[in-house]
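Subject: Structure handover

Hi,

Here is the structure I promised to pass on.

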Amino acid sequence: MQRRVAAIYLVFFVVMGASAYSVIAVAQQPTIDLDSEGLAVGDSMTVDGQTYTVSNISEQSSGGGGHGGGGGTTLVGQLSTTNDSFVYSAELSNGTALSPTNSSWTGKQGAFSATIQDGDSVQYNGTQQTANVSGGELSLVNATGNTTASFAVGDTLPYENATATVTEVGNTSATLVWGDNYEVVIPNGTDVSAFHAVQRFNVTERLRGDPDVENQVYSGDDGQFVRYRNGTTQPLDAYLPEPARTTFTEGDTLTYRAAEDLSVPANETTVANISSDRVLIEWTGPRTTSQELTEGANVTLAGQTHVVHFANPSTVVISSDIGSYQDQVEQQDYYHERVNGLWGISILSGFGALMIVALAYLPTRG
């Protein structure tokens, strides 16, 4: 009788577990279906005239859980947009140096440039060498065909008795610039309406470029002086010409490069404001910004809120229908809750069936 009852209970638990498992097997998880087009990397969408481009979709490790829990991966992406009319600004304080590589303006004195063509003859280290311009690099080749030096954008080299900077290297030519720095001078006072860019001489290079004087400055009881090769001397202040001075007022323009990286182009810049301690300059240019995309996160596009959904590992959907997304996520949560319950029934039924069998075969007393 004991085993007959055990068999009845065994069948009950097996039927319960199998029924729960069969429901799990045929159940299908609700999918998220939004009324927006899926976007792959490189695809764009437009919101109120602003274009947004998917620049990246990738898998990211979500990290491992504690107590032996496994990690996993999640999908992430980036959405980029470019504002072609972004207003940049920079501040020039009193004493800021305006170099030949970061600034220029109409009528600027003491600034020089040269273009070296591929195949030109260039004097370097006392010998004539041939310029080789290719691959974004200027190389100098000697008479035996050996490369003696190579220069990229930002590098300096001796040229025309001065130290020149490579500012551009094209397919067949390279551009060099050199000259004197200018100093930003803001007049004293509270009601400032203009500032001056005052030339500051590179005395060493000026002496090196003058064959009539020796290449150094001497000091004496009456101050610094230069010595001519015929033996006569002249005070340094008298030898140097009057420094050039350019006056700028609000609204005036100059060409300015804010970054030290010479690969960043210089921009047409406007003097926006002048105060007693700084000059504010502004220019317009493109600016690209990016937003991170994660599943279920909100992103703001042109002032409008959108929700992110990854339809598959290579496609992201960005929709303004946030309510529909949340409803469908709730449906998925409800599905997982029910499936987890069925798994609990199946597992407990299996465990119960094993216990029934084990108890049925326990030895009896007497």
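First, the ground rules. This is a predicted model, where local features need pLDDT of at least 70 and side-chain atom pairs count only at pLDDT 80 or more, while totals for chains, interfaces and linings use all residues. Residues are numbered from 1 along each chain as its sequence is written, and side-chain values use heavy atoms, with hydrogens and water left out.

**The sheet**

There is an open sheet of 7 strands, in the order E2-E3-E4-E23-E22-E21-E6, with antiparallel pairing. Its edge strands, E2 (44–47) and E6 (103–104), each pair on one side only. Strands here are DSSP runs (E, at least two residues), numbered from the N terminus, and two of them pair if DSSP finds at least two bridges between them. Within the sheet, E22 (residues 267–274) and E23 (residues 278–294) are antiparallel partners over 4 bridges. Val271 stands opposite Ile281 in E23.

**Aromatic pairs**

Searching the whole structure gives 11 aromatic pairs. The rings of Phe, Tyr and Trp (its six-membered ring) pair if their centres lie within 6.5 Å; planes under 30 degrees apart count as stacked, over 60 as edge-to-face and the rest as tilted.

One of the pairs is Trp105 with Tyr182: the ring centres are 5.1 Å apart and the planes are at 85 degrees, so this one is edge-to-face. Trp105 lies in the loop between E6 and strand E7 (111–117) and Tyr182 in strand E15 (residues 181–185), so the pair ties together parts 77 residues apart in sequence. Trp105 has 9% relative accessibility and counts as buried; so does Tyr182, at 1%. (Buried means under 20% relative accessible area, exposed over 50%, partly exposed in between, with a 1.4 Å probe and protein chains only.)

Tyr159 and Trp178 are also edge-to-face, at 5.5 Å centre to centre and 65 degrees between the planes. Tyr159 is in strand E12 (residues 156–159) and Trp178 in strand E14 (residues 173–179), so this pair ties together parts 19 residues apart in sequence. Tyr159 is buried at 17% relative accessibility, and Trp178 is buried at 12%.

**A cluster and two charges**

Phe86, Tyr88, Tyr256 and Trp283 form one aromatic cluster. Arg287 lies over the face of Phe86, 4.4 Å from the ring centre. Elsewhere, the charged end of Arg227 sits over the ring of Tyr218, at 4.2 Å from its centre. The test is NZ of Lys or CZ of Arg within 6 Å of the ring centre and within 35 degrees of the ring normal.

Cheers
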